[in-house]
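Hello,

Here is the structure for you to look over. My notes on it follow below.

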Amino acid sequence: MTIAIKVENISKRYKIGLAAQKFQYGMLRDVLVDTAKAPFRFAASLFGKQLEDPGRNAGYIWALKDVSFDLEEGKVLGIVGRNGAGKSTLLKVLSRVTEPTRGSVTVRGRVGSLLEVGTGFHPELTGRENIFLNGAILGMKRAEIAAKFDEIVEFSEVAQFIDTPVKRYSSGMYLRLAFAVAAHLEPEILVVDEVLAVGDAEFQRKCLGKMNDVAAQGRTVLFVSHNMSAILRLTQEAIVMQKGQLVKRAPTPEAVDFYLASGQAQAGERTWDADEVPASAMPFTPLSLRVKDARGGVADTLRSAEPITLEMEYRLDAPVTGLRVGVYLSTVRGEYVFTSFDVDDAALYEKHSTRPAGHYVSKCQIPADLLNEGRYILGVNASSFGVKRYFMDENALAFNIDPIGAPGIHWAEQRQGPIRPRLDWVIENVDK
Amino acid sequence: MTELTKPEPTTVYIKASSGFAALNLGDLWHYRELIWFMIWRDIKVRYKQTALGAAWAVLQPVLTMLVFNFLFGNIAKMETDGGIPYPIFSYTALLPWGLFATALNSASRSLTSNQNMITKTYFPRLVLPMASVLGGLLDFAIAFVVLIGLMFYYGITPGVNALWALPLFILLSIVTALGIALWLSAINVQYRDVGYALPFLSQFWMFVTPIAYSSSVISEQWQVVYALNPMAGVVNGFRWALLGVGNPPDLLIGISAAISVLILVTGLVYFRNMERTFADTI
């Protein structure tokens, strides 16, 4: 087997916070001094020098730290990790958008990426013209694009409007056309990053189909997603990224499990470090999410036949109006079971219309006899409806449901479906 | 699928570059089609949704010429070389100047205006400023037609020298514009000050170039210093080749050419060195 990608000890360092810090601790004097220094700093930095200026260059972050792996030709590799774990940076290094700070990568063949969807599209140009332009930007030869032109148009379903400027397209048409070009690039190595989150269901189905085709043709695929069911379905092997490091490489089910269990301070509890919370979440700060059994103990495995308590602990640094804090529950296959918010009750919403700053716990109970046996994922969402989404983590916590005492347990079989309600069956003999 | 004739995939080795990066012009050659596509795109969209369309390529130099003619020809009664009528005297200079100024302006902004290409996909970044500079040639050609008309009108016949001299001078202004633009576009990635400084730079540069006036007003001992501005050489060369006035190119044009090649080479080196962080800082 030939190696398609060989990654050796790559690290990537980013400078952060220069602009962000600048006006945050806004003393006018500091800002003025800073502005006066700017021309000198500028002159020095043109030649790659940094003026000594303590407190200013403090912010470096290692987006990737000593990542190494090999990937054989024709394999499909999943990449999972939380936001900021370095997944996108890794893909950027592989597709040569940015250089690693240290280390090296050997790539055999052309890398095409579905994160480049629509790159270089010009609104004034027609669909036809943009296909050629976009193809050239993605590294295709003119003849190659011409040969695939009809196929691209057909895949995009915009044949009727192919000679209309794309600024007249609906966003769905625009996206379909953009994806169609990227999908027909036919690179030796395909990189897919979350594009599946966009477009309508029918189109998503086509995209996944295309990815399957690519894999079936024996080409190498790297697939990044937060959707565990897609990762499980499409890949046999996955790597887990954590804070810029590759922490695990294993067959996909094992890697997904490892990823879901990571970040749990103890089994059944997820806590958030300050650096895991994006600045955009302000003034909402998630602290922890817990699942508790009927006896009030935090546990990783809970019983189907007993009620389960969910607790979300968070802090508000300023009053928030219209806040709702809630959870998504889904199976590891990615099917949603339910979504629920703490102010779903209209009277309660009225009562907590504005929450003052402070330390809060929102808790609820999942009634007994609801969930089937299996592994579940809890996601968290804090938002003001129609105004702002403060914080979201779709894979916050995973836990198991044990079927002891559940209906039908006297048959040793796996029940279908995510729920296992205890229903009042009545058996009547209608002969009488 | 026609997988039968698939060529052996090329292997790419990615690593942190240290010190001065190689110019890697082979890579640029590989992406030559992209340069053409970018030029084509710029030209296609340049006058989209304008009422006058490509007429602007003619109107811009012609209107400037009319203003100059009124101010310097009629009011200030500026002397021209060899009694050439002022309109054609200034228009001959405005042509290469327009090519240079447009190229400089659009190429210096080429990286920042194509941000999403840079942050999302790999290609030699040199493609962008190069395409911007070359894209100005079409406007130049259109405006040139007006010059031919003016020459007919005033009954001026260009010498045979124009055949070899004009391409050389056009090349010189393009090389100069590209060299400066390589510096400015790379700086612009991190410091958007370039966008504010550019109008002043081109205005100042226009004044130190003999467009509205004849370079013969510059005294003899300053001519060498004046030659440090490659555009002065270009403008004088245009007038000499087309109108047959002024001195033929001499050692001074050599100085101009050397200067612009120097700017181009240093610009290339600087650009290549900053290129590795474009995607991170833009």
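Two residues count as in contact if their C-beta atoms, placed from the backbone, lie within 7 Å. This is a predicted model: local features need pLDDT of at least 70, side-chain atom pairs count only at pLDDT 80 or more, and totals for chains, interfaces and linings use all residues. Residues are numbered from 1 along each chain as its sequence is written, with chains lettered from A and ligands numbered from 1 in the order in which they are written.

The chain contact

Chain A puts 37 residues into the contact and chain B puts in 28. On the chain B side, β1 (11-15), α2 (32-46), α6 (115-120) and α13 (278-281) each supply at least two residues. Helices (H or I, at least four residues) and strands (E, at least two) are DSSP runs, numbered from the N terminus. α2(B) has the largest share, 6 residues. By class, the chain B side holds 15 nonpolar, 5 polar and 8 charged residues. Here Ala, Val, Leu, Ile, Met, Phe, Trp, Tyr, Cys and Pro are nonpolar; Asp, Glu, Lys and Arg are charged; the others, Gly among them, are polar.

Strands also pair between the chains. Strand β4 (residues 102-108) of chain A runs antiparallel to β1(B), joined by 5 bridges. Pairing needs at least two DSSP bridges between two strands. A:Ser104 stands opposite B:Lys15.

The sheet in chain A

Chain A has an open sheet of 6 strands, in the order β5-β6-β7-β3-β8-β9, with mixed pairing. The twist averages 20° from one strand to the next. Within chain A, β3 (residues 76-81) and β8 (residues 237-242) run parallel and share 5 bridges. A:Gly78 has A:Ala238 of β8(A) as its bridge partner.

Helix α9 (residues 252-261) of chain A packs on this sheet, touching β3, β8 and β9, at about 140° to β9(A). Angles run from 0 to 180 degrees between N-to-C directions, and axes are lines fitted to C-alpha atoms, for helices over the stretch in contact.

The domains of chain A

Chain A splits into domain 1 (70-259) and domain 2 (269-402). The bounds come from an automatic or database domain assignment. Their centres, taken over C-alpha atoms, are 32 Å apart. Domain 1 gives 8 residues to the contact between them, and domain 2 gives 6. On the domain 1 side, helix α8 (residues 228-234) of chain A gives the most, 4 residues. That side has 4 nonpolar, 3 polar and 1 charged residues.

Best wishes
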